[in-house]
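Hi,

Here is the structure I promised to pass on. Have a look at it first, and then read my notes below.

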Amino acid sequence: MEKALKKYFPVFVLPTAAAFVIGFIVPFIMAVYLSFCSFTTVSDATFVGIKNYIEAFKDTTFLHSVLFSALFTIVTVILINVLAFTVAMCLTKKIKGTNIFRTIFFMPNLIGGIVLGYVWQLLFNGLLSYINRTLTFSSVYGFWGLVILLSWQQIGYMMIIYIAGIQNIAGDMLEAAEVDGATGSQRLFKIIIPSVSPSIVICTFLSLTNGFKLFDQNLALTAGEPSRSTEMVALNIYNTFYGSTAAYRGVGQAKAVIFAIALAAIGVIQMRLTAGKGDK
Amino acid sequence: MRRSNKVIAVVSAAVMAAGLLAGCGSGDSAGGGSGDAAGGAAAGAGSGSVYYLNYKPEVDAQWQELAARYTEETGVPVTVVTAASGTYEQTLTSEIAKTEAPTLFQVENQSWLDNWGQYCYDLSGSFIAEHSTANTLSMEGVEVAAVPFAMESYGIIYNVDLLNEYCQLENAVISSAADIVDFDSLKAVADDIQARKDELGVEGAFTSAGLDGSSNWRFTTHLANVPIYWEYTKKGITTATSLDGTYVANYKNLIDLYFTDSTCDPALLSGKTGDDALAEFCDGMAVFYQNGTWAWTADNEMAEMNIAFLPLYTGVPEEKDSIGVCTGTGNFWCVNKNSTEEDIQATLDFLEWVISSEAGIETLSGAMAFNCPFDTFADVVLENPLFTSANEYEAAGKTAISWIGTESLPTENWKANLSSALIEYSQGTGDWSNVEKVFTEDFATEWENR
């Protein structure tokens, strides 16, 4: 049997490997190549060296969007994970109707980002009209609008992961702690949280990358207004790519490559840090 | 046993591969509208086929119908794919790089040829170029790169019945719409309507000048044409890469009027959409609405309204009783020179049929409500009252404002900057100097960066 596996594994691996190469490796290599080019479409690129990267780093709106995204990500990672964990704790207690609540909390995650953005824009602007303002009044409004939107959307998803983690904790461990006289907070911090650390690793990773990659919601809710001050990295790249002539597409491409590498690095560092803790 | 294992292995691997690759395939073809674009175009490869990447979603159904009719008559396959609203360049970027690229695509103006000129087939001598009555676009080495197929006009659309009703009011500042001949008279009327809005039963003189992405182009592209037009006219030039901003104050005149004599508080404008303004106008909540001939179609609410145009008066001395509405075109046909010879010929034949056959003329001027600048359309009577109104100004000897300003706008970035500056001005977080800066400094830098 093992022999057969060794013999035939290329047959099984090949389709997936081919799809991975076509759908991921090739576009990624092309993207990196295009970031060194000036082009209108992918098939008419001319090599221009590192000019695009120099332009990208000179662009102050890009730097601003990176900082805005970073701040946004820090706030949402904390908010989403704390709230999702809290909701998960509540919904693993023996309360009536937990399944209904779980479903309801999960539902926002099923709605597309553009639709959510427009719906929340209507809600926020409807509320703000009482003080004669809109979301674009200042970047603070836009920032918190985006935070509320993303939290509302993602808490349910993270909650499901936390619920799975909490349900995996052996009941006798908690019982033993209770018999030994551990208080509620001791049980939470000494048993429950360390036990769900794999869930924490996954959820932080997801919310971290989601925060940085946010595009649809940003486009639909604020579109970067006022004056590009709520523009996040992905939207900045998009605007660079399509906002000017073809000469500038390479700059957008260069920004995208910088962004991809930075995001991958942040993801890896986060996994190393949190996963290391989980093992202890 | 071993053989059956082998068979199972091969079959399951094949199924996996098929599933995976099918997934890739369907993801690939999401160009813009119908996914079968490439397939359709490929079908008639032997004898030539047409693949039209259409710009205007509002006439997609009409184009599909016309294409089907042509295929029925001639057997030449015609595929029409329409890019979703506001994504034409994105769609064109990905479609034109494909093996089955569009044979026919559109550009908005001369500056689009910077990006897309390299794909333009020289149309000189073709039927559409020979019969064109408007200015075609040319570029270095290509005599006729693009041929316009629909003229459009924009200005201030007004509700004729409501304005007449206003004229009947006691102490109305005008006795008929003909008394509005310059910015001062327009402002007097608008201010008075705003002050007496309850008496007239409206919410404001102008519909909300929404600065949301679905509406801001009315001011960042169309209205922005006016100050640039006056500057160029004064200087006797038709294009430039920097502006003095001499007439930005005039732009402010009309913007201020839109903001103050409006259905809503200016601070809320950034959240107002194009649909909001349209609904306000159609519901009779406002008298004036800045938009163009495209706002009217035979089957929308406006078709039942009594409407006409006013020029975009901004307080320039030369405008008094002597200008018409802004007339030009942002719709040019280009034929892809990288297509096969058969496909290019098929496309030219298709276009000839579109502008000369009865079915084509009827669809373009009827269902699509286009004002087509070809001599084959000479006998066509247009249904759209806005064209009639625009023509009346010209017939009365008034100068139509050309689109030279819009055509020389540097980039999308520039429009976005202007929109941002207007938003900040409308909500009081920025002052007018930002708008001035966009017209002068940003205009030059964006041109430099191109």
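Which backbone nitrogen lies 3.0 Å from a polar atom of the side chain of A:N125? That would be the backbone nitrogen of A:L135.

Before going on, some housekeeping. This is a predicted model, where local features need pLDDT of at least 70 and side-chain atom pairs count only at pLDDT 80 or more, while totals for chains, interfaces and linings use all residues. Residues are numbered from 1 along each chain as its sequence is written, chains are lettered from A and ligands numbered from 1 in the order in which they are written, and side-chain values use heavy atoms, with hydrogens and water left out.

Back to A:N125. You'll find A:N125 in helix 5 of chain A (helices, H or I with at least four residues, and strands, E with at least two, are DSSP runs numbered from the N terminus). With a relative accessible area of 13%, A:N125 is buried (buried means under 20%, exposed over 50%, partly exposed in between, using a 1.4 Å probe and protein chains only). Leaving out residues up to four places away in sequence, A:N125 touches A:R133, A:T134, A:L135 and, over in the other chain, B:G271 (contact means heavy atoms within 4.5 Å).

That brings us to the interface. Chain A puts 34 residues into the contact and chain B puts in 37. Between them the two chains bury about 3000 Å², 56% of it on carbon and sulfur atoms (buried area is the accessible area, with a 1.4 Å probe, that two parts lose on being put together, summed over both). The rule finds eleven residue pairs in polar contact across this interface, both residues at pLDDT 80 or more. On the side of chain A that touches chain B, helix 1 (2-34), helix 5 (113-128) and helix 11 (233-243) each give two or more residues. Helix 1 gives the most, with seven residues.

- B:K56 and B:E152 meet at 2.9 Å, N to O. B:K56 is in the loop between strand 1 (50-54) and helix 3 (60-74) of chain B, and B:E152 is in strand 6 (residues 152-159), so the pair ties together parts 96 residues apart in sequence. B:K56 is buried at 9% relative accessibility, and B:E152 is buried at 9% too. A network of salt bridges links B:K56, B:E58 and B:E152.
- B:K252 pairs with B:D256, with the closest N and O atoms 2.9 Å apart. Both lie in helix 11 (residues 248-260) of chain B, four residues apart, about one turn of the helix.
- A:E55 and A:K58 meet at 3.8 Å, N to O. A:E55 is partly exposed at 26%, whereas A:K58 is exposed at 57%.

Lastly, chain B has 18 helices and twelve strands, and 56% of its 450 residues are buried.

Cheers

Terms used
Polar contact = N/O pair within 3.5 Å; in protein donor to acceptor, adjacent residues only side chain to side chain. Salt bridge = Lys/Arg side-chain N within 4 Å of Asp/Glu carboxyl O.
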